[in-house]
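Reader: I would like to learn how to read a model of this kind, one feature at a time. Where do we begin?

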Amino acid sequence: MTPEQMTKDKQTLKVQIKHQQHASNFVLEIDTCLPNTGVTAIFGPSGSGKTTLLRCIAGLERSQLSQISLNNDAWQNSDTSLPAYKRPIGYVFQEANLFPHLTADENLQFAIRRADKSHSIITYDEVVNLLEIVPVLSQYPAQLSGGERQRIAIARALLIQPKLLLMDEPLAALDSRLKQEILPYLERLCHKTKIPILYVSHSLDEVIRLADYMLVLEKGRVREEGEIQPLLSKLGTSFSSHQDASVLISGQITKQSADWGLSWLSFGEHTIMIKQGSEQIGDQLRVRIQSRDVSLSLSSQDDSSILNRLSVTLDDMIKDTLEPNMMMVRLLAGDTPILARVTALSAHKLKLEKGQTLIAQIKSVALLR
Amino acid sequence: MQLSSEDIDAIWLTLKLASLVTFLLILISTPIAWWLARTRSWLKGPINAVVAMPLVLPPTVLGFYLLLFLGPEGPAGTLLSTLGISPLPFSFSGLVIASMIYSLPFVVQPIQNAFLAINDKTLEAAATLRSSPWDCFLYVVLPLAKPGYISAAILGFAHTVGEFGVVLMIGGNIPKETRVISVQIYDHVEALAYEQAHSLALMMVAFAFIVLTFLYSVQKRQKNKSVIGDIL
């Protein structure tokens, strides 16, 4: 969707921000329309202005020269500037920021008493079950683990019944074990509630798992923007040279084999096999293929242990900006782009060139949802 | 231990004065402490200094200037007399005003420290939960600052009970009006009535000990407050 189309729909978050950080040279300058459905990731290195952008939208940062509106409700323009407590948002901070004098449940009740009564996105029962926090509700924040605290904070932000949920690196303060503990809750949350989410992160891994749309910031400006699937496969972006560089493939389960424990995922003319899980024939799924798991071969000889071998054409390739001995190659399986990260030597040996037909061998495929 | 009826009057007067002063100080110290804890204004330093001045000035200096200021010739005194209000020096009301100034830092500072200890992020979290500034103050700031308020009330009360110099300067020695315990003890000693002085003086020592013990136990509990919950 282009910004023009979205403006016509009026179902968007319009953000025009010009904000000078207090006592520093940092300027945030953004003019965009974000979708108000699904998860929009705000991605970028630290210091790129992600958190400042979120704080401006929330009204926690004063920015006189900004215009912010959600579905044509102006939150901020030259005439009005709603204070944070009048904006229909929920906010999840990096640290849980629970009220230390209240129990977990009282923290939730604090939100319920002040919630927007005119519309409801989730009930108390739904939220405590979704985030599995029932056993810890009677405890004080100081008695909870970091992961439990963050789950309470997410529940609290949802129970205010926001029209837009802002999440500022909700996993950044947690160690990797706790991250893995919370990510599944976030995935469930993003897909079970209809609420639009702005998700700030510097972790490409989290963005790939959660986001539908992506806004990439660099030094206070928008560097890339668009739906996540095409954006991820673009060459020359800051994240295509990232070690986690990946593509997403959406497809349908067309066949399953209990004997081999495999499911067949079809997209266009192509099929890949994935480890069988709880999915059923006919399900729409999204999988992630990391560029470092894709290798290239000229022959179609079926003499490898790798199951997923796709016939592809070479669309484009580029030298890695950080590691000049590596190449990022963009392949097309039908219309579906796949990235492969190969050494410059291999590219030279295989005499890779645009338009060439190749076999892409995919070592592993991660099921997202 | 023998207490004369005059001693009892002095005790009652002291308790009345200290309670009223503590109550009024808590009310006016709250906005002052909030402003001092949150402002970035250049006025913060000077205002902090003014609030803390009674800590370093001899009570006689305070009493002297209050006497001049509130007296019939002073600016406040003339204003009051044109309004038909009797002069404040050597009256209970005058004593209340003098005591409030004298005890101000003991009430402002614990409250200010309690406000400072509240994380800005906690207040931002409240704002994102549709809590207006007033609502946030009532339901987040005050409960979190409760130990500070308890310390402030104890210190303000105890310090008012313990004052002497200011009382003598502005209150004088009028029975049931301005003759508080400390002045009564002074009178006993002047009259060489050591026995009676002892009764009151020992009472004051015991009072100070009990109050301070309680204060330190409050502060100790405050440290692990969030673990054991909000008992206070």
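Author: With overall size. The radius of gyration is taken over C-alpha atoms, and the globule rule is 2.2 Å times the number of residues to the power 0.38. Bear in mind that this is a predicted model.

Reader: What does the rule give for chain A, with its 369 residues?

Author: A compact globule of 369 residues would have a radius of gyration near 21 Å; chain A has 23 Å, which agrees. Along the principal axes, the C-alpha atoms of chain A fill a box of roughly 65 × 50 × 40 Å. Chain A holds nine helices and 20 strands. Of its contacts with a separation of 6 or more, 68% are between residues 24 or more positions apart.

Reader: What share of the residues in chain A is buried?

Author: A residue is buried if 20 or more other C-beta atoms lie within 10 Å of its own. In chain A, buried residues make up 40% of the 369. Helix 2 of chain A, residues 50-58, is mostly covered, with eight of its nine residues buried. Among them are Leu53(A), Leu54(A) and Ile57(A), and also Lys50(A) and Arg55(A). Just after helix 2 of chain A comes Gly59(A), with a positive phi of about 85°.

Reader: How should I read a positive phi?

Author: Most residues other than glycine have a negative phi. Gln161(A) is not a glycine, and its phi is near 55°. Gln161(A) sits in the loop between helix 5 and strand 7 of chain A. For chain B, take Leu192(B), with phi near 60°, in the loop between helix 10 and helix 11 of chain B.

Reader: Are these two sites buried or exposed?

Author: Gln161(A) has 21 other C-beta atoms within 10 Å and is therefore buried. Leu192(B) has 8 C-beta neighbours inside 10 Å, so Leu192(B) counts as exposed.

Reader: Which residue takes a positive phi in the hairpin of strand 4 and strand 5 of chain A?

Author: Asn71(A), with phi near 50°; that hairpin has two residues between the strands. Strand 4 (residues 67-70) and strand 5 (residues 73-76) of chain A pair in the antiparallel sense over three bridges. In this pairing Ile68(A) stands opposite Gln76(A).

Reader: Which strand does strand 16 of chain A join through a hairpin?

Author: Strand 17 of chain A, through six residues. Six bridges join these antiparallel strands, and Met317(A) stands opposite Val329(A). Strand 16 of chain A also pairs with strand 19 of chain A, in the antiparallel sense and over six bridges. There Asn308(A) stands opposite Ile362(A).

Reader: Where does helix 5 of chain B have a kink?

Author: Start with the helix in general. An α-helix has 3.6 residues a turn, so residues three or four places apart point the same way. Helix 5 of chain B has 25 residues and spans 35 Å from its first C-alpha to its last, close to the 36 Å expected. Its kink of about 50° lies at Ser103(B), shortly before the proline Pro105(B).

Reader: How many residues does each chain give to the contact?

Author: The size of an interface is often given as the accessible area lost when the parts come together. Here residues are counted instead: 22 from chain A and 17 from chain B. On the side of chain A, strand 6 and helix 3 are the elements that give two or more residues. Strand 6 of chain A gives the largest share, three residues. By class, that side has 15 nonpolar, four polar and three charged residues.

Definitions and conventions: Residues numbered from 1 in each chain as written. Chains lettered and ligands numbered in written order. Predicted model: local features only at pLDDT ≥ 70, side-chain atom pairs only at ≥ 80, totals over all residues. Pairing = 2+ DSSP bridges. Helix = DSSP H or I, 4+ residues; strand = E, 2+ residues; numbered from the N terminus. Buried ≥ 20, exposed ≤ 12 C-beta atoms within 10 Å, placed from the backbone. Contact = placed C-beta atoms within 7 Å. Nonpolar A, V, L, I, M, F, W, Y, C, P; charged D, E, K, R; others polar. Expected span 1.5 Å × (residues − 1). Bend = angle between axes of the 7 residues up to and from the residue.
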